[in-house]
2 protein chains.
Amino acid sequence: MTVRVRVPASSSNLGSGFDCIGIAIDRWLSASVTLHNALSGFSINRRGKLSAVRVRADQDLFTRGFRAACGAAGAVLPAGVTIDATSDIPVGCGLGSSAAAIVAGALLADTALGLGLSRSQILEIGTTIEGHPDNIAPAIYGGAVLSVHTPAGLVCAPLHVARGIELLIAVPPFPNDTKAARAALPQTLPHTDAAIAASRAAALVQGLASGDGALLGAALDDVLHVPFRRGRIPGYDAVVAAARNAGAFGATLSGAGSAILAIAPRERSAAVGTAMLAAWRDLGIEAELIKCTSDVAGASVIAAPRTPHHAPLTTHQ
Amino acid sequence: MTVRVRVPASSSNLGSGFDCIGIAIDRWLSASVTLHNALSGFSINRRGKLSAVRVRADQDLFTRGFRAACGAAGAVLPAGVTIDATSDIPVGCGLGSSAAAIVAGALLADTALGLGLSRSQILEIGTTIEGHPDNIAPAIYGGAVLSVHTPAGLVCAPLHVARGIELLIAVPPFPNDTKAARAALPQTLPHTDAAIAASRAAALVQGLASGDGALLGAALDDVLHVPFRRGRIPGYDAVVAAARNAGAFGATLSGAGSAILAIAPRERSAAVGTAMLAAWRDLGIEAELIKCTSDVAGASVIAAPRTPHHAPLTTHQ
């Protein structure tokens, strides 16, 4: 029996939506799982952009997502699990490759073992593993998503994105160290900066919905994380300036980088993309451009057993 | 010649929209101005809720708004200015009474002297005097407004408010000291709290637009200013708990208080209002209830000279 799922890339933060806003991007990871009765544990076969990943199978994010889904459902792990995965999502560049792998692992377990998990349970599983929901949520739900921690749990809401704007992501050939990018954040912030950050997060939601360029420009000029992270990305200032000069409302890190995201009016998007690549090329860096629409779907099962198992396979085969 | 204007009350912050979000409230200040050639300076005649104000006329907010408007337009001040004002906006309770007076003063000058100021110029004038735009903007534009400081100046955008929600404001008979409330804010904040604050500001915009109760509940649970100010308002915790228990999504300070604002689904609003007043009454405090719709208009000129003067009156009379 083979189960196959696909999960989109995502870009988080979008400037001032730090750790709470992300948007699905039209790049995909797909993965299938085969379950065995023979006690062989997890094995992962990686292709595409995943070929470069060097992680032991039992510590891989597919495995962690799969295991956590079983744990959440109180199901026994299968004796042997082989995951075949391929992806065109750049790894380690701030495009949600990790989130996609975690969601894929959980969704494979849910479908193959008939765990009956809800999307919000998979969201909780993914958020626990990743530490924040901003890539996990759009990977699951698609589109742009706001995720807010509340005393009653994590609340997610889809965000409207105006038709007239386009997202452009320039991806350099070097990854960023996500842990180091998080460690670069200060312990405290002046209260005045926190207030500015809040107003710009509000501006991001309203700017995405209305397409208002002044709001988007303010929203993309983050004060909560980008000032502490941009120095880690060679060429950041030049690429952001090039995007603005070519007509973008603004530009910022995609996630914690290394990729840089610009938001532009549709009629300027071609020029903005070209300018971003040219700015990096001037520094000897050949970047790749991803153009994004706002209506990318979330994770889905593209092949599943006709009769889903509703209990762990190991007790039914 | 008499010019008359009216300006609405406003409630700012709405929880997590600290210093950037406000909404016009259906209570009004109205004021008229009479200009004299005799050199007599400013005199202010106050009625209604303004009767309690004890400020020298030359330092009054009407005067400051009037003077700043003349200054922005490069106009000479009239020799004598008499402002007659009345208001049913509670003073010093977090309902934008100050902002309304400033806007009224500026608008009186603009209309009586034909200064030709734009609304955004009056916004800049008011924000400079008040120090923040969150009451000034809804007082001018009406409805709910987001105001964001950007390198290119202040950007304002109307916010959509879902039809199914209602705002309830309980106003106690004691004012709050706005300066002391601002001084109560800390100099710095943990970065984690700043990130939570940003996510909740985003939740406020999305929650107002969609009416999503979970988002509004998160948004009304502010971490940026309310924790440092609520102790100044006797009964705050009891009134907020009563509002929630009666079915409100949440409740918070209106501005810096003393009034408390709740947001509730329309079908619960009567119960929420009653519960808030009862909670304060249990503490021996008789509060007044203001129910709010989202479509309150902004400042307007309700009587003006037929032929506006386009230069300072002192040079034309």
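Biologist: In which order do the four strands of the open sheet in chain A stand?

Modeller: This is a predicted model. The pairing in this sheet is antiparallel. Neighbouring strands are turned by 25° against each other on average, direction ignored. The sheet is open, and its four strands follow the order S9-S10-S7-S11.

Biologist: Which are the edge strands?

Modeller: An edge strand pairs on one side only. In chain A that applies to S9 (250-253) and S11 (288-292).

Biologist: Which helix packs on the sheet?

Modeller: The helix touches S9 and S10 (260-265) of chain A. Its direction makes about 155° with that of S9(A). It spans residues 236-245 of chain A and is helix H9.

Biologist: Which residue stands opposite A:Leu167 in S11(A)?

Modeller: Strand S7 of chain A covers residues 165-171 and runs antiparallel to S11(A). Five bridges join these two strands. Opposite A:Leu167 stands A:Cys292.

Biologist: How many disulfides does the structure hold over all chains?

Modeller: A disulfide needs two cysteine sulfur atoms within 2.5 Å. For A:Cys93, the nearest cysteine sulfur is 14 Å away and belongs to A:Cys292. A:Cys93 is therefore in no disulfide. Over all chains, the count is zero.

Biologist: Is A:Cys93 buried or exposed? And what about B:Cys70, buried or exposed?

Modeller: Buried means under 20% relative accessible area. A:Cys93 has 5%, so A:Cys93 is buried. B:Cys70 has 1% relative accessibility, so B:Cys70 also counts as buried.

Definitions and conventions
Residues numbered from 1 in each chain as written. Chains lettered and ligands numbered in written order. Predicted model: local features only at pLDDT ≥ 70, side-chain atom pairs only at ≥ 80, totals over all residues. Heavy atoms only, no water. Buried < 20%, exposed > 50% of the residue type's maximum accessible area, 1.4 Å probe, protein only. Pairing = 2+ DSSP bridges. Axes fitted to C-alpha atoms, helices over the stretch in contact; angles between N-to-C directions. Contact = heavy atoms within 4.5 Å.
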